[in-house]
Amino acid sequence: MQNKKIRLFSLLLSITLLTLTFTACGQASSTPAAEEPTEQTQEEAKPISRPDDGRTVVGVSMPDRFLERWNIDGAFLKAQFENDGCDVVLRYANNLIDTQIKDIREMISQGADLLVVTAVDGTALSSVLEDARSQGIKILAYDRLIMETDAVDYYVSFDNYKVGVLQANFIIAELGLKTAETSQTIEFVTGDPVDNNARYFYNGAMDTLKPYLDSGILTVPSGQSGFFETATAQWSPDIAQQRLQIILNSYYPRGTRLDAVLCANDSTALGATRALAADYSEKNHVIVTGQDGDIANIYNILNGTQSMTVYKQLKQESIVTVSLGKAIISGEMPEEDLISESGWDFDCSYNTEDYNNGNKVVPSYLLRPIAITAVNIEKELFETGYYQRNSGGLIYATK
Ligand code: GAL
């Protein structure tokens, strides 16, 4: 009887959280149905006379400043395009779709020749980008694929499916699932449902864990393993923390062990480790995954509260984007040659099959993510100089 009450209570709570999640998404990512042309937009839709003053203008539209990496991406892209003599209009959309649309309209009116866009919501930019395209502006999807439009020329990102595979393989190895005879438990804290990458991370992880979930050697006491029911709006650490605390209080009474939490990125991992610290009563070390190599999470890997992260060398992503951007501004349509003629000292593959945005297969350049644990962190991140410690021992990311 008691459990039934708890389950009912936690179900109600999860529904509330989910409603909160989707309302939040709604607000943040309510794709305006057909972007009803208001007086304003009708005005803006008219071809804007773009100054042709011989300058090369690049518009860089990032999703938000809250998540650590976009600040680094934006700075790298701005510096490198400016190094190549371009004028850069860099904007952050505070994770709001309307703001991102306004930012892109501003870049168009400032004479952008190229737009480099990381979409807040991959399905919400068709109209403004088709406007840009109609004025001959080139468009690059940066890190997150832009969906449902022909108005995107190329996509540059990491192999995001592989990110999920790396996280799952780490859990399989750490829990010894290949040879385990007794079942172990896991919970999932996945990404922002409007972020097109979140689905790749999720599929990579679930496809890899499926045999163990199917055989029952790995179980999910909360029963929550679907993409939407495990989603975290806006990648918010607070939403991740709240949801996991509800799960711990509902499905992990004293004596019930949790072995792993698969978190899709570092901001959600931060929420998860806080929830475990607050509401998990057992003494075992719970495996927690992540992604991005955010500073706070690097400390957590060094102090053992987080088990791994998937590192993406952001400078590589900006180097590929800048050389691709320059090529297409000058009217080229690069393919494999962009890589073979680059002299880059890092892996990059050219893909013309896997990234269908619903309108077309977008030619893509993909980089290789790497798994970082307490074992290889010094070698992979500090000896390479990607991260350093100042004289006081404080860690910071350099490149
Ligand atoms: C994804 C990105 C990840 C992570 C996440 C949260 O789109 O690929 O690296 O940063 O957003 O920002």
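**Entry 1: the ligand**

I started at Asp195, where a polar side-chain atom lies 2.7 Å from an oxygen atom of the ligand. I count such a pair as a polar contact, meaning N or O atoms within 3.5 Å; within protein, one atom must be able to donate a hydrogen and the other to accept it, and residues adjacent in sequence count only if both atoms are side-chain atoms. Before going on, I noted that this is a predicted model, in which local features need pLDDT of at least 70 and side-chain atom pairs count only at pLDDT 80 or more, while totals for chains, interfaces and linings use all residues. I also noted that residues are numbered from 1 along each chain as its sequence is written, and that side-chain values use heavy atoms, with hydrogens and water left out.

Next I looked at Arg144, which has a side-chain N or O atom 2.7 Å from an oxygen atom of the ligand. For Asn197, I found a polar side-chain atom 3.0 Å from a ligand oxygen. How much of the ligand's accessible area does the protein cover? On its own the ligand has 300 Å², and the protein covers 100% of it. These areas come from the Shrake-Rupley method with a 1.4 Å probe; for residues, only the protein chains shown count as cover.

Then I asked which elements give two or more residues to the shell around the ligand. They are α3 (68-83) and α7 (196-215). Helices (H or I, at least four residues) and strands (E, at least two) are DSSP runs, numbered from the N terminus.

I listed 13 residues around the ligand, and Arg69, Asp143, Arg144, Asp195 and Asp292 come nearest. To be near, a residue needs a heavy atom within 4 Å of the molecule or strand. The shell divides into six charged, four nonpolar and three polar residues. Here Asp, Glu, Lys and Arg are charged; Ala, Val, Leu, Ile, Met, Phe, Trp, Tyr, Cys and Pro are nonpolar; the others, Gly among them, are polar.

**Entry 2: the whole protein**

I zoomed out and found 13 helices and 15 strands. Of the 399 residues, 55% count as buried. Buried means under 20% relative accessible area, exposed over 50%, and partly exposed in between (1.4 Å probe, protein chains only). The protein exposes about 17100 Å², and carbon and sulfur atoms supply 52% of that.

**Entry 3: Leu166**

I picked Leu166 in helix α6 (residues 160-175). Is this leucine buried or exposed? Leu166 counts as buried because its relative accessibility is 17%. Leaving out residues up to four places away in sequence, Leu166 touches Met308, Val310, Pro369, Ile370 and Ala371. Contact means heavy atoms within 4.5 Å. I also checked Thr208: Leu166 is 42 residues from it in sequence, and their C-alpha atoms are 9.0 Å apart.

I looked up helix α4 (residues 97-109), whose 13 residues should span 18 Å at 1.5 Å a residue; the end C-alpha atoms are 18 Å apart, so the two agree. The expected span is 1.5 Å times one less than the number of residues. Among the buried residues of α4 are Ile97, Gln100 and Asp103. Gly111 follows α4 and has a positive phi, near 85°.

Asn94 sits in the loop between β2 (87-92) and α4. Its phi is also positive, near 50°, in a residue other than glycine. Most residues other than glycine have a negative phi. Asn94 is exposed because its relative accessible area is 56%.
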